[in-house]
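Please look through the sequence and the model shown here.

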Amino acid sequence: MSSARALPAAPRSPLLWVCAVSAAAILLHAMQVAAWITITALALVGWRLAAAFGALRLPGGAVRVALGLSLVAAVFAQFHTLNGLAPGTAMLMLMAAIKLLETRSRRDQYVVIGGALFLLLAGCLDRQQLAWVPLYGLEALLCCSALAVVAYTPAADERAFPAPAGLATWEAVALAGRTLLYAAPLAVLLFLFFPRLPGHFWAVTGDDAVTGLGDTLTPGSITRLTASYGIAFRVRFRGRLPPPEERYWRGPVMHDFDGATWTAGRYSSLGAQRLDCLSSPYRYRVDLEPTFRPWWLALDRVMRSPGAGVRYTDDYQLIAAQPVSRSMSYDAVSCAHTRSLAPLSPGARLEDTRLPAGQNPRTLELASRLRRRAVSDAAFVDAALAFLRTGGFTYSLTPPPLGPNPVDDFLFDTRAGFCGHYASAFVDLMRAGGVPARVVTGYLGGQWNPYDHTLIVRQSDAHAWAEVWLDGRGWTRVDPTAVVAPERLYRGILDLLPNA
């Protein structure tokens, strides 16, 4: 057997601990990554265990390099980037598992345990629910126990010299437990008194971050953004400035609805429908701040992609190949008033009229009643807006909580909410009446800076509105929030707060 494939002469006990630590860290992320990533990582751990017992041979250096490069390419194909928490976690799972295939020395075992600790940290960054805390604690205890076993087991080159005796399992766990308990007071002190740094210290974002819009919308979720006065982007126009009622900045478009939450869904490989611009186009330059999301924001409705690496989707979004991880600038052209030059496809009509069965029955009944009185789709849109205008609805950033049928609760019980509530309820009504509709999220407004002639759009300008398909006109923007709170077109959310 060649030296490249020779099994280590060290005892198997530390290796078994290291393999157990790696497998547990991999399983922590099993529900957050693609199944093939978890299966591949666990298979590599199994390969190392089989080699330890003589059932398989360890691969040589060339095979390990080829395997590593192949897995890097596979992760890139899966995520279209290697930057960010999700692709970084997948990479660490696979690379730590490959490292096991060349683990022979004590130092190698320390490196693998370090990888497991970083995977534990990634889990803490990604999922911070209380239910995960026991699993995180067990993994931390397992990692510390493995460190103790590795440290107290004599290496092959130490056997001729005095060396500490190995630890039994219960001794390793007890030592690790005592160490974690000794560290707990220091951790509490650091939590209470260590200065909180502004921004994201780890430069990654989750769904609760305030760095940009997400790909889901639950009525009330945009309050996460309204708490931030940070700048989302700046715009410099070449020519006239759009009036306030035309300053809609398009972001993620929501198609799928489960009765409570809207989801962006897929991005069609088909291009957007050709549009006829019915007004003078706006030409401008956007300076976009990092969002760690793939969307490029643009004035509604952008007419084409501003770059070769940015897709112009069939619902008029700009989707980059990689998330925006640094400040960037691009030029765009938008038209405030457009008309579609083609009919709506049957597939798109089916997608944007679909509703979950058995959800929000009172809303369905209301839509049926309004639809019977309407002579056209446009008349049905007007009837739904009139219901909101005259139904005693109020604009509130602190609305009451909603129950299992949130649209019913909002339209018939609480009648208080803000843009997410109104956009969700209005689109639900439209679909229940057979009119294709979808929720659009983005920003509304912006603050004019007369000194450098730029429009500054902040996270507090986050907004949601609706689009409906009307024959002869195409996708048409309808903002139901403006019916209840017309001042929202001219004032930011923070200006509408009490004592603003």
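Is the crossing of α6 and α7 left-handed or right-handed? The crossing of α6 and α7 is right-handed; a crossing is called left-handed if the near helix is turned anticlockwise from the far one by less than a right angle, and right-handed if clockwise. This is a predicted model, in which local features need pLDDT of at least 70 and side-chain atom pairs count only at pLDDT 80 or more, while totals for chains, interfaces and linings use all residues. Residues are numbered from 1 along each chain as its sequence is written, and side-chain values use heavy atoms, with hydrogens and water left out.

Helix α6 spans residues 133-152 and helix α7 residues 169-193. Helices (H or I, at least four residues) and strands (E, at least two) are DSSP runs, numbered from the N terminus. The axes of α6 and α7 lie 8 Å apart, at an angle of about 120°. Axes are lines fitted to C-alpha atoms, for helices over the stretch in contact, and angles run from 0 to 180 degrees between N-to-C directions.

Residues of α6 that meet α7 include L141, C144 and Y152; on the α7 side, V173, G177 and L180 are among them. Contact means heavy atoms within 4.5 Å. The residues of this contact divide into eleven nonpolar, two polar and no charged.

Elsewhere, five strands form an open antiparallel sheet in the order β11-β7-β2-β17-β16. Two strands pair if DSSP finds at least two bridges between them. The edge strands, β11 (328-334) and β16 (447-449), each pair on one side only. Strand β7 (residues 282-288) pairs with β11 over seven bridges; V286 has Y330 in β11 as its bridge partner.

Terms used:
Ala, Val, Leu, Ile, Met, Phe, Trp, Tyr, Cys and Pro count as nonpolar, Asp, Glu, Lys and Arg as charged, and the others, Gly among them, as polar.
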